[in-house]
Structures are given as structure tokens and as C-alpha cells.
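This report is for a reader who is new to the structure shown below.

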Amino acid sequence: MPGYDTSAQEESPVKILIAGGFGVGKTTLVEAVSEIEPLRTEERLTAAGIGVDDLDGIEFKTATTVAMDFGRITLSDAGVVLYLFGTPGQERFWFMWDDLLAGALGAIVLVDTRRLDRSFPAIDFFESRGLPFVIGANCFDGEQPYTAEQIRTALHLGDPDTPVLMLDARSREDVRGALLSLLDLLIAGAAPAASA
Amino acid sequence: MTAGQQPGRGRRARLYALTDGRTTAPGAALTMDTLITARVAPDADGSLPTEWQAILGMCQPPNGRAVAEIAARMHMRLTPMVLLLSELVERGLIQHRPPLQANETSNVHLLMKIRDNLARI
């Protein structure tokens, strides 16, 4: 493979997805921990799949442009550059976008308890694809009238042990806590035999 | 996905006309989270297009940048950016580092390192 150099002491990229309905605070969450101002990237998707076509001016009925906001955290000691990708709002297109999930460590599903139904597509999608995730209940105005247990029940989570965290998406500490919780989940999943 | 049966399939082939036969460079599967690092200085060759120089300038080692980040900063969509970067790979101007593979992302020691480092940010 030309240009692929494994010898360099550079970080390897890895990504975590930040999902949730429109307006739930995905970009705010990314901004809270990112070392750069969140950036926006766009991709044009069609029902025929993506990867080869960007046919400006040629309209497909099923084509749409999806946008993702993302940020970055360089973890030099671990030798990785962590990219946090906010998933696009048009969930029905995620299925056509293999790149979105390929190689992802896991996801944080951000939920607004006033609009829980908006987080169902993300939860269904990750459960169907087997991508580990934690739930972050964004506490707007610092308030959260529900308990983690109530939220867990209302979300009908396939795995009853899925962590449900109360967080303020603006808080670096809270967001870091959610990321650590996701890592704990991944570590537990990667080492089932080492728990004894 | 049975893309072959999709009505748009036939028209998609027109991309070959638009890009002079190029889709992506053989073997260089660049994804949105592939890390790109320049192999030359941006002004190494004054004849390089301005756009290429800008890309080389933003991913000078040791600061590799993800394809998505370069696309965002260049105000391009992902797919055209992948095509452009593939051209740069072919010309030896940049190198690319794929995202961690499944056997690595399920490695408990690496995950613990990531966790430890995250706890300190």
C-alpha cells in the first residue's frame, strides 16, 4: 500500500460516535472535550450507497447531504488520536454509510428526557449493529426530573446493564466521565475472562 | 445491499468520465477517520496546485490529520476529498494511517491506556 508507513511514531486514529436526536446537544458535547473547535464535514449519500459518487448537478430522488460535527482529542500516551463524530440527524441514511461505523470504538447516545423518542433510532441502530454504547441524559438547565432507572426503563434497552449517565453536555468533566464510562464498558467486554 | 438492482446504478458509472477513470487509488482505502501526514513540505515543489499545498501545510508531521478534518478545513465533501487525497498518496506526497482495526480496538491493554489517558485530559 503506497504511503502507508507503520514505523513512524505517530498516533493511530480511532473514533467514537456521538448520537442523538436533533438539538439534543451533540455538538455541545463534542465542543466540551475537543482540543479544537468542532468542525463540520459533509457527505452526499444516495440510495445506491456511497463511496464513489459525488455527482454535483445530477439529482437522485433519494440523495441527500448529511453533515457531521466532530472534534479531536490527542491521547499521546495511548498512541491514538480520538475523533468524536456527531452522527448526522437523518438516521435513515446511517444504514447506507458503512464508513460511519467501521472501526468505531463505541458510542455515546445523548438523550433529552423531554423527547426520548428521538433517541430510539440511534439506540436501535447501535443495538442492531452490535456497537457498544452508553446513554447520556443531558440535563438541560441543570435539571433532570427522572432517575437513571426510570430513563433506562423508558428506553427499553436491550441490555439492562447499559450505563445511563446524567450529564451536562457543556461540562468537560461530565463528558469525560461519559467517555470513561464507555471505555469501562469496552474494557469489561474485551476481558470477560479476566474478571475473576 | 443489492446496489446492482438500484435504478441509479447505471448513471453512477458516469463518474469515470468525470474523473478521467479515477475513483480511488488502488489499495488506498481512505476513510473519514484515516490519518493523513505530509511526506514533503508544502513548498517542496512550487508547481504544486495551491490546494495541494494547503493540504500538505495542515498535516505536517508529527501532526497527522483525519480525512474528515482536512475535508472540513478545505470546505470539501468527504468523497471528493478522498479522491484528491488518493491522488496525493499516489504521488508520494502524503502517507496515510488507517484507523485501528477490530483486533486492536478489542485489545484490553490498549483500551486501558486510552482510558488512563482520557482520565487525565
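His156(A) sits in the loop of chain A that runs between helix H4 (148-155) and strand S7 (164-167). In this predicted model, the phi of His156(A) is near 50°, a positive value in a residue other than glycine. Most residues other than glycine have a negative phi, and most peptide bonds are trans. The relative accessible area of His156(A) is 62%, which means that the residue is exposed, as the cut-off is over 50%.

His75(B) belongs to the loop between helix H4 (67-73) and helix H5 (78-90) of chain B. His75(B) has a relative accessibility of 74% and therefore counts as exposed.

Chain B also contains a cis peptide bond, which joins Pro61(B) and Pro62(B) with an omega of about 5°. Pro62(B) lies in the loop between helix H3 (50-58) and strand S2 (65-66) of chain B.

**A helix with a buried face**

Which residues of helix H3 (residues 120-129) of chain A are buried? They are Ala122(A), Ile123(A), Phe125(A) and Phe126(A). Viewed down the axis of H3(A), these buried residues fall within an arc of 165°, so they line one face of the helix. Their packing partners in chain A are strand S1 (12-19), helix H2 (98-101), strand S5 (104-111), strand S6 (133-138) and H4. After H3(A) comes Gly130(A), which has a positive phi near 70°.

**Salt bridges**

Over all chains, the count of salt bridges comes to 13.

| Pair | Distance (N to O) |
|---|---|
| Asp112(A) and Arg115(A) | 2.7 Å |
| Arg170(A) and Asp168(A) | 2.8 Å |
| Arg115(B) and Asp184(A) | 2.5 Å |

In the pair of Asp112(A) and Arg115(A), the aspartate has a relative accessibility of 4% and counts as buried, because the cut-off is under 20%. Arg115(A), at a relative accessible area of 34%, is partly exposed.

The side chains of Arg170(A) and Asp168(A) also meet in a salt bridge. Is Asp168(A) buried or exposed? Asp168(A) is buried, with a relative accessible area of 18%. Arg170(A) counts as exposed at 58% relative accessibility.

The salt bridge between Arg115(B) and Asp184(A) has an N to O distance of 2.5 Å. Arg115(B) lies in helix H7 (residues 108-119) of chain B and Asp184(A) in helix H5 (residues 172-190) of chain A, so this pair joins two chains. Arg115(B) has a relative accessible area of 24% and is partly exposed. Asp184(A) counts as partly exposed too, at 36% relative accessibility.

Salt bridges that share partners also form a network, which joins Glu35(A), Arg72(A), Arg65(B), Glu69(B) and Arg73(B).

Key. Residues numbered from 1 in each chain as written. Chains lettered and ligands numbered in written order. Predicted model: local features only at pLDDT ≥ 70, side-chain atom pairs only at ≥ 80, totals over all residues. Heavy atoms only, no water. Salt bridge = Lys/Arg side-chain N within 4 Å of Asp/Glu carboxyl O. Buried < 20%, exposed > 50% of the residue type's maximum accessible area, 1.4 Å probe, protein only. Helix = DSSP H or I, 4+ residues; strand = E, 2+ residues; numbered from the N terminus. Arc of directions from axis to C-beta. Contact = heavy atoms within 4.5 Å.
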